[in-house]
Amino acid sequence: MPIFNNGKYKSILAAASGELAEIAQTVQKDKDFRPHFHIAPPTGLMNDPNGLIFDGEKYHLFYQWFPFDALHGMKHWKHLITKDFQHYQSADDLIPCELFESHGCYSGGALKVGDKLAMFYTGNTRRPSDNQRVPYQNLAIFDLNGKLLSKRPLIENAPEGYTEHVRDPKPYFAENGKIRFICGAQRENLTGTAIIFEMDNLEDTPRLLGELSLTAFDNNKVFMWECPDLLKLGDKDVFIWSPQGKSREPHQFQNNYHAVYAVGKLDGLTFHAEHIAELDQGFDFYAPQTFAGLSKTENAILFGWIGLPDLTYPTDKFKWHSALTLPRELRLEGNKIHQRPITKTYKNLTALSTFHLDGKAEIVDLDRAYVKFEANNQAFDLTFFQNEQGQSLRLSYENGLVCLERSQSEQTALMEKFGSKRFCEIEKLQTVEIFFDRSIVEIFLNHGEKAMTSRFFIQARKNVVESNQKLTLQIGYPKAIQYR
């Protein structure tokens, strides 16, 4: 078994004695920004949620992880198991240790097949002669207790007609009972798409069926589709993916990259879309994935990455980067997705109280609180937090437009590059829900009609809020995550 150790392409198996413990000490120096009730990496960088699967009893959650620093190095799959999304235990990680994953285990999804969990993922490799990327689509088998049993390559190289950018396989059972998986891809003409493979069983060799046709989506300037996910919600088919290159717009698609969904009907390889929209309109949301294995299709459970490719954050100096969203329940209202944290998140709120805000006030532990109020479609202007540098976070609403502004908070140059305001159009704003978690804010409007997820960085902050309107706030405190 090779142990990879080449610059940033360094496996955790190559860690020196005490190396990770020393990095963890640096992480612990961050006294302002580490979250309480969001999943964050113990050290290093995390990005996409991977391999989300319910095995009939437990939820298995993986995420992309480079343990050594806050940068995109050799990707591992960090593995957690939970029954309640509050208590997590570690299980076998997916660690790059074979030639078909020599430069990292890239993203993918999971499927329960019999009494085994099948993890489909992309093996990132580089050809030694010219350093050209060679993608593999691989299969790892775990038992239900989270023990890694085996792994093997399924496909070497990209199919003819596509560049080396073919990745992120997400498997599902087709109506004929066969196993299919969908990959994000880039055509040789440098446009983004998704391609679908089929295999009779886990021992079979996958066959390329073709591209997913989604003509209703404006693919202009899009050079890559990442993290595709096909699922059922009620009697509708849903496609979730992360297109790269789409033109930014004033009030939607405002980030460098986006997460998008389509609702409609999948007929063979053709997706007939009734509605297409962005999943989240905050500063930091990408690469979402839903859990496979859930018996009911009325709703789905999703995690997203609170981050974006090619961004840096102020926490990078503490050698940790990014977090995952709260687990979200997706449901359909007509042909539109609504999303809120799962019911258990609300049931676990503690110290529930009502707070009458008139002007400026301090709220104990506001930076790890749940805040809800009725806007009643009236304009408001709220400023959260304050420190000696005059930093704060602002949320406002007027004439059908919500604005989240972080210009008066700490930002890296790459954060500033894409602007300091995010907008969300919503015709009649009634209910606002906010989850603050140190340097994370998740906002849900009208019980999940729209969502805005963001990072913000205000050091040594006071837990104050100021409003230009009298508001009645419902306050609660989500329980901290516990790891075993």
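Colleague: Which residue forms a salt bridge with aspartate 229, and how far apart are the closest N and O atoms?

Modeller: This is a predicted model, and the values that follow are computed from it. The partner of aspartate 229 is lysine 170, with the closest N and O atoms 3.0 Å apart. Aspartate 229 belongs to strand S15 and lysine 170 to strand S11 (residues 162-173), so the contact ties together parts that lie 59 residues apart in sequence.

Colleague: Are aspartate 229 and lysine 170 buried or exposed?

Modeller: The cut-off for buried is under 20% relative accessible area. Aspartate 229, at 1%, therefore counts as buried. Lysine 170, at 5%, is buried as well.

Colleague: How many salt bridges are there by this rule?

Modeller: The count comes to 28 salt bridges. One of them joins the side chains of arginine 328 and glutamate 442, at 2.8 Å from N to O. Because arginine 328 sits in strand S23 (residues 328-333) and glutamate 442 in strand S33 (residues 440-445), this pair ties together parts 114 residues apart in sequence. Arginine 328 and glutamate 442 are both buried. Elsewhere, salt bridges with shared partners link Lys178, Arg180, Glu198, Asp200, Asp204 and Arg207 into one network.

Colleague: Which residue does aspartate 115 meet in a salt bridge?

Modeller: Aspartate 115 pairs with lysine 116, the closest N and O atoms being 3.0 Å apart. Lysine 116 is partly exposed, its relative accessible area being 28%.

Colleague: Strand S15 was mentioned above. In what order do the strands of its sheet stand?

Modeller: The general idea for reading a strand is that, when it is regular, its side chains alternate between the two faces of the sheet. In this case the sheet is open and has four strands in the order S15-S16-S17-S18, with antiparallel pairing. Strand S15 (224-233) and strand S18 (270-278) stand at the edges with a single partner strand each, so one side of each has no neighbour in the sheet. On average, neighbouring strands of this sheet are turned by 25 degrees against each other, direction ignored.

Colleague: How many bridges join strand S17 to S18?

Modeller: Eight bridges connect S17 (residues 260-267) with S18, and the two run antiparallel.

Colleague: Where does glycine 390 take a positive phi?

Modeller: Glycine 390 belongs to the hairpin of S28 and S29, which has six residues between the strands, and its phi is near 80 degrees. Strands S28 (residues 380-386) and S29 (residues 393-398) pair in the antiparallel sense over five bridges. Threonine 383 stands opposite arginine 394 in S29. S28 is also joined to strand S35 (residues 462-467) by four bridges, again antiparallel. There, glutamine 386 has lysine 462 of S35 as its bridge partner.

Colleague: What does the UniProt record place at residues 38-341?

Modeller: The unreviewed UniProt entry gives the feature "domain: Glycosyl hydrolase family 32 N-terminal" for that range. Over residues 38-341 the chain is 0% helix and 56% strand, with the end C-alpha atoms 12 Å apart.

Colleague: Finally, which residues make the nonpolar surface patch of about 320 Å²?

Modeller: Met1, Ile3 and Leu13 make that patch. Leucine 13 lies in the loop between strand S2 (9-10) and helix H1 (19-27). With a relative accessible area of 36%, leucine 13 is partly exposed.

Terms used
Residues are numbered from 1 along each chain as its sequence is written. This is a predicted model: local features need pLDDT of at least 70, side-chain atom pairs count only at pLDDT 80 or more; totals for chains, interfaces and linings use all residues. Side-chain values use heavy atoms; hydrogens and water are left out. Patches are made of residues with over 30% relative accessible area and no salt bridge: like charges are joined within 9 Å, nonpolar side chains (Val, Leu, Ile, Met, Phe, Trp, Tyr) within 5 Å. Accessible areas come from the Shrake-Rupley method with a 1.4 Å probe; for residues, only the protein chains shown count as cover. A salt bridge is a side-chain nitrogen of Lys or Arg within 4 Å of a carboxyl oxygen of Asp or Glu. Buried means under 20% relative accessible area, exposed over 50%, partly exposed in between (1.4 Å probe, protein chains only). UniProt positions are given in the numbering used here, feature names are shortened, and annotations may be inferred rather than shown by experiment. Two strands pair if DSSP finds at least two bridges between them. Axes are lines fitted to C-alpha atoms, for helices over the stretch in contact, and angles run from 0 to 180 degrees between N-to-C directions.
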